[in-house]
Amino acid sequence: MRNQLRPVLAALLALVFPGLGHLALRRWGRALLWHLTIVGGGVALFALYDVEPVDPLADPAALTAAVPTDVTLPIVLLSALSALDAYLVGRADAAERDRAEAAAEAMRRRAASADGDDGPGGGQSPPPAAATGEDGETLEVSCPNCGKEVDADLDFCHWCTEPLPWAESDAR
């Protein structure tokens with residue numbers, strides 16, 4: 001649940017203050033880049049259109065009349081793009097975290113099933129019971145080398161032929 005709310009929170013924070021959503025995701029470079037882009041672009045547009053400074057606390061209605069749409073529209077567009085980027089980065093981080101947790105769980109289950117195998121079979125371990133989920137379907141994990149989906153019961157990636165991390169633990 002927490003992983004699902006992080007991207008939304010990052011997008012909302014990016015709308016409130018430029019770069020704040022990326023800071024919440026711990027993407028320091030992106031946060032600085034978006035902040036400098038939006039604030040620098042705003043300052044440049046205000047200077048280019050020669051907009052006079054207005055105190056928004058004294059007269060809030062004067063603020064909308066004083067700032068032309070040629071200045072407001074690009075700043076709002078950049079802020080929306082920053083929020084969208086924060087949301088997409090947050091979703092990618094959550095997906096990566098989920099893949100890493102699935103791979104770790106598959107490795108734990110594989111190690112547990114290999115440690116408990118002292119019966120017949122001559123050292124040949126059966127397909128791990130943990131490679132199947134609660135519904136009986138085979139768990140899919142990502143190859144750490146190429147990132148494509150592989151079966152949890154394989155010892156190598158059938159896409160790039162690299163050995164998977166749990167295969168090295170079985171080769172003792």
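In which loop does Thr161 lie? Select Thr161: the residue is in the loop between β2 (149-151) and α6 (165-170), where helices (H or I, at least four residues) and strands (E, at least two) are DSSP runs, numbered from the N terminus. The model is predicted: local features need pLDDT of at least 70, side-chain atom pairs count only at pLDDT 80 or more, and totals for chains, interfaces and linings use all residues. Residues are numbered from 1 along each chain as its sequence is written, and side-chain values use heavy atoms, with hydrogens and water left out.

Remain at Thr161 and inspect its backbone. Its phi is near 60°, a positive value in a residue other than glycine. Most residues other than glycine have a negative phi. Thr161 has a relative accessible area of 59% and is therefore exposed; the term exposed means over 50% relative accessible area, buried under 20%, and partly exposed in between (1.4 Å probe, protein chains only).

Select Asp50 next. This residue is found in the loop between α3 (28-48) and α4 (60-66). Asp50 is not a glycine, yet has a positive phi of about 50°. With a relative accessible area of 58%, Asp50 is likewise exposed.

**The overall layout**

Now display the whole protein as a cartoon. Six helices and two strands are present, and along the sequence they follow the pattern α-α-α-α-α-β-β-α. Of the 172 residues in the protein, 24% are buried. Among contacts (heavy atoms within 4.5 Å) with a separation of 6 or more, 41% are between residues 24 or more positions apart.

**Helices α1 and α5**

Select residues 2-16, which form α1, together with residues 69-115, which form α5. The two helices pack at an angle of about 160°, with their axes 8 Å apart; axes are lines fitted to C-alpha atoms, for helices over the stretch in contact, and angles run from 0 to 180 degrees between N-to-C directions. How are α1 and α5 oriented to each other, parallel or antiparallel? They are roughly antiparallel, a term applied to angles over 145 degrees. On the α1 side, the residues in contact include Asn3, Arg6 and Pro7, and on the α5 side they include Tyr87, Gly90 and Arg91. The residues of this contact divide into 11 nonpolar, four polar and four charged. In this classification Ala, Val, Leu, Ile, Met, Phe, Trp, Tyr, Cys and Pro count as nonpolar, Asp, Glu, Lys and Arg as charged, and the others, Gly among them, as polar.

Within α1, select Leu13. At 23% relative accessibility, Leu13 counts as partly exposed. Leaving aside neighbours within four places in sequence, Leu13 is in contact with Leu20, Gly21 and Ala24. Draw a C-alpha to C-alpha distance from Leu13 to Ser82: the two are 10.0 Å apart in space and 69 residues apart in sequence.

**Helices α3 and α5**

The contact includes Trp34, Ile38 and Phe46 of α3 and Ile75, Leu78 and Ser79 of α5. By class, it has 10 nonpolar, four polar and three charged residues.

Select Ser79, in helix α5. At 15% relative accessibility, Ser79 is buried. Beyond residues up to four places away in sequence, Ser79 touches Leu15 and Ile38.

**His22**

Move to helix α2 (residues 20-24) and select His22. Is His22 buried or exposed? Its relative accessibility is 0%, so His22 counts as buried. Residues up to four places away in sequence aside, His22 touches Arg27, Arg30, Ala31, Trp34, Ser82, Asp85 and Ala86.

**The nonpolar cores**

Finally, select Ala103, Ala106, Val141, Cys143, Val150, Ala152, Cys157 and Leu164, the eight residues of the largest nonpolar core. A nonpolar core is a set of buried Ala, Val, Leu, Ile, Met, Phe, Trp, Tyr and Cys residues joined through side-chain atoms within 4.5 Å. Centre the view on Cys143, which touches Lys148, Val150, Cys157, Cys160 and Leu164 when residues up to four places away in sequence are not counted. A second, separate core of seven residues includes Ala11, Ala14, Leu25 and Ala86.

Methods. Angles under 35 degrees count as roughly parallel, over 145 as roughly antiparallel, 65 to 115 as roughly perpendicular and the rest as oblique.
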